[in-house]
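Here is a short briefing on one protein model. Read it with the structure open, and find each residue as it comes up.

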Amino acid sequence: MPRKRRLSASRNMLQDLVAANRILARHGVLDAYGHVSVRSDGEAGHFVMSRSLAPSLVTLADLVEHGPDSEPVADTRRPYLERYIHGEIYRRRPDVMAVVHSHSDSVIPFGVTKGALQPVYHMASFLATGVPVFEIRDTAPENDLLVRDPRLGAALAQRLGGCTCVLMRGHGMTVVGESLPEAVFRAIYTERNAKLQAMASQLEGPIRFLTAEEGQRATQTNRATLERPWELWKKAALARGG
């Protein structure tokens with residue numbers, strides 16, 4: 001059986017990454033597809049994510065270290081095809097410590113229509129930074145919608161810019177955070193906000209979205225209490241088979 005080298009990230013970080021996979025699967029943000037990564041706290045320019053595997057099945061033994069080129073380091077197991085999403089965002093955004101890529105059903109309509117995804121409640125206040133849409137055709141006219149190489153990863157990272165979330169036309173979303181719990185939080189509440197916005201659009205409008213100032217203030221408040229949902233979600237996720 002192919003073996004891997006010892007990972008550079010701390011054990012606590014690796015355990016949290018396992019929990020993040022299971023939390024996002026438990027909340028329906030990830031299913032058999034999608035992935036989450038964390039920037040290594042032990043090797044500059046490296047990040048860790050699972051080998052190619054359904055997120056709910058991820059264990060510590062499945063984690064793989066990736067180098068600055070997004071390729072596995074001393075590990076021959078099959079990696080995720082779209083690992084370049086993560087590597088190129090880490091390269092462009094030194095503030096980002098974790099990345100989630102999801103095919104969440106609720107966000108798809110906002111990436112294929114003129115309806116912009118905007119924060120409708122305080123839990124999704126981080127969306128007030130703006131939610132750009134990545135059109136893969138602009139970089140690769142002939143494509144299968146997958147970010148399968150560094151060039152496409154760099155184009156996605158550029159489209160994300162300084163925002164917290166980027167939609168991917170006909171594909172899903174990518175969300176970033178300054179910590180792993182924050183990225184998980186944002187992925188969950190982006191999905192929920194999309195559902196609520198779609199519901200609100202069926203009622204008499206116009207929708208009163210959060211202002212930029214409200215978004216900034218609410219984001220600071222939510223960041224100060226991240227340990228509360230993280231503790232709850234982690235305990236529930238790891239109780240389902242350890």
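**Where to start**

Glutamine 158 is found in helix 4, which covers residues 150–160. The model is a predicted one.

**Glutamine 158**

- Glutamine 158 counts as exposed, because its relative accessibility is 53% and the cut-off for exposed is over 50%.
- The C-alpha atom of glutamine 158 is separated by 9.0 Å from that of glutamate 88, although the two residues are 70 residues apart along the chain.

**The sheet**

- Strands of a sheet pair through backbone hydrogen bonds, and the pairing can be parallel or antiparallel.
- In this model, seven strands form an open sheet with mixed pairing, in the order 3-2-1-4-7-6-5.
- Strand 3 and strand 5 (133–134) stand at the edges with a single partner strand each, so one side of each has no neighbour in the sheet.
- Helix 1 (residues 11–26) packs on the sheet and touches strand 1, strand 2, strand 3 and strand 4. The direction of helix 1 makes about 155° with that of strand 1.
- Strand 1 (residues 35–39) pairs with strand 4 (residues 98–102) in the antiparallel sense, over four bridges. Within this pair, serine 37 has valine 99 in strand 4 as its bridge partner.
- Strand 2 (residues 47–50) and strand 3 also run antiparallel and are joined by four bridges. Here serine 50 stands opposite leucine 63 in strand 3.
- Are the residues on the two faces of strand 3 (residues 63–66) buried or exposed? Leu63 and Glu65 on one side are buried, and so are Val64 and His66 on the other, which leaves both faces covered.

**Threonine 174**

- Threonine 174 has its place in strand 7, residues 172–177.
- Threonine 174 is buried, with a relative accessible area of 0%.
- The side chain of threonine 174 is joined to that of histidine 101 by a polar contact of 3.4 Å.
- Leaving aside residues up to four places away in sequence, threonine 174 touches Ile85, Ile89, Val99, Val100, His101, Leu156, Thr164, Cys165, Val166 and Met168.

**Salt bridges**

- How many salt bridges does a search of the whole structure find? The search finds 13.
- Arginine 93 and aspartate 95 form one of them, with the closest N and O atoms 2.9 Å apart. Arginine 93 is buried at a relative accessible area of 10%, whereas aspartate 95 is partly exposed at 33%.
- Aspartate 144 and arginine 148 form another, with 2.6 Å between the closest N and O atoms. Aspartate 144 is partly exposed at 39% relative accessibility, and arginine 148 is partly exposed with a relative accessible area of 38%.
- Arginine 223 forms a salt bridge with glutamate 182, and the closest N and O atoms are 2.7 Å apart. Because arginine 223 lies in helix 6 (residues 212–223) and glutamate 182 in helix 5 (residues 180–200), this pair ties together parts that are 41 residues apart in sequence.
- Arginine 223 counts as partly exposed at 35% relative accessibility, while glutamate 182 is buried with a relative accessible area of 4%.
- Through salt bridges that share partners, Glu178, Glu182, Arg186 and Arg223 are joined into one network.

Key
Residues numbered from 1 in each chain as written. Predicted model: local features only at pLDDT ≥ 70, side-chain atom pairs only at ≥ 80, totals over all residues. Heavy atoms only, no water. Buried < 20%, exposed > 50% of the residue type's maximum accessible area, 1.4 Å probe, protein only. Pairing = 2+ DSSP bridges. Salt bridge = Lys/Arg side-chain N within 4 Å of Asp/Glu carboxyl O. Polar contact = N/O pair within 3.5 Å; in protein donor to acceptor, adjacent residues only side chain to side chain. Contact = heavy atoms within 4.5 Å. Axes fitted to C-alpha atoms, helices over the stretch in contact; angles between N-to-C directions.
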